[in-house]
Amino acid sequence: MDCQDPLNMETIQYIDRLSQTVETEKVYGGQFLKLLYGRDLLSRTLGASVLFFLARFPIFSSFYGWWQSQSWTAKKIQSFIDAFQVNPSEFALPVEQFKSFNDFFIRKLKPDARPLAKEENVAIMPADGRYLCYQNIETIDGFVVKGKKFSLDELLKDSELANRYRQATMVMARLCPTDYHRYHFPCECIPGITNMIPGDLYSVNPIAIRQNVEIFTENKRTLCELETAQFGKVLFIEIGATFVGSIHQTYTPHSPIKKGDEKGYFSFGGSSLILLFEPNTLHLDEDLVQASLNHIETKCLMGQSLGRRL
C-alpha cells in the first residue's frame, strides 16, 4: 500500500531517518504552491497562468533570487529559523553575521555537523534532503508516483548515455528551502566538467511532481560525470526549480576529490539532485529501498550511508 496519496494535495509525508518516524512536512510557501498546482477553479485558471510565466521566463526567478540577496531580507532569518526549527548550533557562522536571507540560505556548516560514513566501500548522501532511491530503475513501477516515470533520454539529452544507465541505480534528493543547500561528492572520484542543460523552472515539490513527473526532464539542470574506483562512472545531476537563483559549482574539474568534499550549492529556492550509478556497482541501504518502493521519501543528512559497493 502506498504511503502517499497522489490525490491529497495538502499532505507531504516522509520518514525521518534518524528517528524512524513518519513526519508531515511543513511546506515553505505552501499556499502559493496550492494556488499554482491545486485542482480548484482558481488554480486551474489564475494558477495555471502564473505557473506558465514563472516556469518559462527565468527573469522572475532571477529577480526573486536577487531580492533575497538584499540586506533588508536579513530581518526575516530568525523568524524562519524559529518557524522551521532550523538548528543554528550547526552553522559555521553566527546568525547575526548573515547579511541577507540568501546569505543564510547558502550557509556553511561546522565541520563536525555532518559526520561522514567512513568505510571505503560506502557511498554517502550528497546533501541534506528527502530521498527516493531505486536499485534498478527499469524494474520499478514509478519514480515519485506509482505508474509514472520520466524519460532517461530526455533527462540526459544523450541516447548513448541513457542506454548505459537503463538499469541504473538511481538516487533522487529533494532539497527544501529549510535545508542546508550545499551538495557534496558521494565518494572519492575525479569529476569532469559540469555541463548545463537548458530548461524551465517548475517547482520540484511533490505537490507539483505528482501531477507531472516529467518536470525533471523539463527543468534547467546540470550533468557531471564522476570517475570512481569503487562505483564505476557516476552521473551527478543538479536540477533547478522555481525561485532558484542559480546553481553554483565550487569544485575543481579533473582533480582528485575526497568523499564528502563540496561540489557546489543552490541559491535561494527548493531544488533537486539525481545520481545515477552504473548497474551492479552500488547496493543501496535497505531502509531507503523499502521506503521508496512505498513511494515515501526518507529525510537524510549529508554524510549518512547511502549504500555499499557491490
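This is a predicted model: local features need pLDDT of at least 70, side-chain atom pairs count only at pLDDT 80 or more; totals for chains, interfaces and linings use all residues.
Visitor: What makes a stretch a helix or a strand here?

Guide: Both are DSSP runs, numbered from the N terminus: helices are H or I with at least four residues, strands are E with at least two.

Visitor: What makes Gln85 stand out?

Guide: Gln85 isn't a glycine, yet its phi is positive, about 55 degrees. Most residues other than glycine have a negative phi. Gln85 follows H4 and sits in the loop between H4 and H5. At 73% relative accessible area, Gln85 is past the limit for exposed, so that's what we call it.

Visitor: And why is His254 called exposed?

Guide: Set its 56% relative accessibility against that limit and His254 counts as exposed. Its phi is positive too, near 65 degrees, and its place is the loop between strand E11 (247-249) and strand E12 (262-266).

Visitor: What makes E1 and E2 a pair of strands?

Guide: Two strands pair if DSSP finds at least two bridges between them. E1 (residues 13-16) and E2 (residues 21-24) have four and run antiparallel, so the test is passed. One example is Tyr14, whose bridge partner in E2 is Glu23.

Visitor: How do you know that Arg17 and Asp287 form a salt bridge?

Guide: The rule asks for a side-chain nitrogen of Lys or Arg within 4 Å of a carboxyl oxygen of Asp or Glu. For Arg17 and Asp287, the closest N and O atoms are 2.8 Å apart, so the pair qualifies. Arg17 lies in the loop between E1 and E2 and Asp287 in helix H10 (residues 286-293), so this pair ties together parts that are 270 residues apart in sequence. Arg17 is buried at 14% relative accessibility, while Asp287, at 30%, is partly exposed.

Visitor: How many salt bridges does the rule give?

Guide: The count is 15. Among them, Asp179 and Arg130 meet at 2.9 Å, N to O. Asp179 is in the loop between strand E5 (169-175) and E6, Arg130 in strand E4 (residues 129-134), so parts 49 residues apart in sequence get tied together. Asp179 is buried at 6% relative accessibility, and Arg130 is buried at 4%. Both also belong to a network of salt bridges with Glu25, Arg174 and Glu297.

Visitor: What makes Trp66, Trp67 and Trp72 a patch?

Guide: Patches take residues with over 30% relative accessible area and no salt bridge, joining like charges within 9 Å and nonpolar side chains (Val, Leu, Ile, Met, Phe, Trp, Tyr) within 5 Å. These three tryptophans form a nonpolar one on the surface, with about 350 Å² of accessible area together, computed by the Shrake-Rupley method with a 1.4 Å probe, where for residues only the protein chains shown count as cover. Trp67, in helix H3 (residues 59-68), is at 38% relative accessibility and thus partly exposed.

Visitor: Why is Tyr183 called buried?

Guide: Its relative accessible area is 0%, so Tyr183 is plainly under the limit for buried. Tyr183 is in strand E6 (residues 182-184), and its C-alpha is 5.8 Å from that of Lys263, 80 residues away along the chain.

Methods:
Residues are numbered from 1 along each chain as its sequence is written. Side-chain values use heavy atoms; hydrogens and water are left out. Buried means under 20% relative accessible area, exposed over 50%, partly exposed in between (1.4 Å probe, protein chains only).
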